[in-house]
Amino acid sequence: MNKSRDIVVVTPTYNEKDNLPILAAGVLAYPGFRLLVVDDGSPDGTGEVAEELARTHPGRVEVMHRTGPRGLGRSYIDGLRRALESGADLIFQMDADLSHGPEYLPRMAEAASLHDVVIGSRYLTGVSVVNWPLHRIFLSAFANRYVRAVTRISVADCTSGFRCWRREALARLPLDRMVSNGYAFIVEMLFEASRRGCRIGEVPIIFVERRLGQSKVSGRVLIESLIVPWRLVLGKRKRPSSNSG
Ligand SMILES: Nc1nc2c(ncn2[C@@H]2O[C@H](COP(=O)(O)OP(=O)(O)OP(=O)(O)O)[C@@H](O)[C@H]2O)c(=O)[nH]1
Ligand SMILES: [Mg+2]
């Protein structure tokens, strides 16, 4: 099915040393899939774990070691650019903490035959999450509704970080002019894709809360997530000075 296509999964990591080898095994089980790890100088040694994976799987695992201010948005910009340069036909965005199951990769890649971007969606059939406490479900559902109401992006799950892009669609996004550094970057990408007329599809996934390692969601990135949708619709393009993500 994917034999003729070069597919790369871009995974940003910060302190995911125990999750990364499990994720890599899941991704590499599918022929034609490569893994690009974008590590932000993780203090727990995730960068070295990624290097070891690259040694064990030459040509299928690549590692970028970022220095300077860390952030999910920044890491994605670097990783997605690298994925485009590498000539990949399909480019995935995927968390390293095993919340996004590798078993959905083939289905999402298949759906990209008909869509420019395919979202691994938690909200197509009710709320499909496992092991989330009630307050997380409410927070996520609220965030999703808030973003949809402000930006008018008409997809069920516009805050999911599990996505598959056709290279032409991704290459059209203004990655050098994005305003967000943290999780809001995920929303901003979809906003830019939507206003460029990209065909957006969704595939249902069951999101599983991380079992190993810690969440990096901070108050600062949550506040950015509240403000960014308004910046997008009001057309303000200046990048904020905030450094963390
Ligand atoms: N490179 C890089 N990766 C990051 C950074 N912050 C988070 N990540 C990665 O982004 C992915 C999502 O981060 P999580 O901490 O799981 O955030 P989340 O999924 O929103 O939160 P939880 O539901 O609590 O897990 C994981 O693979 C993290 O390792 C960062 O500053 N730099
Ligand atoms: Mg997570």
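Biologist: What volume does the largest pocket have?
Modeller: In this predicted model, the largest pocket has a volume of about 1,000 Å³. A pocket is an open set of 1 Å grid points, over the protein atoms alone, where a 1.4 Å probe fits, with protein on both sides within 12 Å along at least five of seven lines; lining residues have an atom within 4 Å of a point. The volume is the space filled by probe spheres set on the points, which are joined across faces, edges and corners.

Biologist: Which residues are closest to its centre?
Modeller: The lining has 42 residues, and L72, D95, R136, Y183 and V217 are the closest to the centre of the largest pocket.

Biologist: And which elements give two or more residues to that lining?
Modeller: They are β1, α3, α5 (134-151), α7 (184-195) and α8 (219-234). The most comes from α5, with seven residues. Helices (H or I, at least four residues) and strands (E, at least two) are DSSP runs numbered from the N terminus.

Biologist: How does the lining divide by class?
Modeller: The lining of the largest pocket has 20 nonpolar, twelve polar and ten charged residues. Asp, Glu, Lys and Arg count as charged, Ala, Val, Leu, Ile, Met, Phe, Trp, Tyr, Cys and Pro as nonpolar, and the others as polar.

Biologist: Turning to ligand 1, which pocket is the space it takes?
Modeller: The space taken by ligand 1 is the largest pocket.

Biologist: Which contact comes from the backbone?
Modeller: A backbone N or O atom of A96 is 2.8 Å from an oxygen atom of ligand 1. In the side chain of R210, an N or O atom also lies 2.8 Å from a ligand oxygen, and for the side chain of D95 the distance is 3.4 Å.

Biologist: What about the second largest pocket?
Modeller: The second largest pocket has a volume of about 180 Å³. Its lining has 14 residues, and D97, L98, S99, V208 and R211 are the closest to its centre.

Biologist: How are the numbers and values set up?
Modeller: Residues are numbered from 1 along each chain as its sequence is written, with chains lettered from A and ligands numbered from 1 in the order in which they are written. Local features need pLDDT of at least 70 and side-chain atom pairs count only at pLDDT 80 or more, while totals for chains, interfaces and linings use all residues; side-chain values use heavy atoms, without hydrogens and water.

Key:
A polar contact is a pair of N or O atoms within 3.5 Å; within protein, one must be able to donate a hydrogen and the other to accept it, and residues adjacent in sequence count only if both atoms are side-chain atoms. A molecule sits in a cavity or pocket if more than half of its atoms lie within 2 Å of its grid points.
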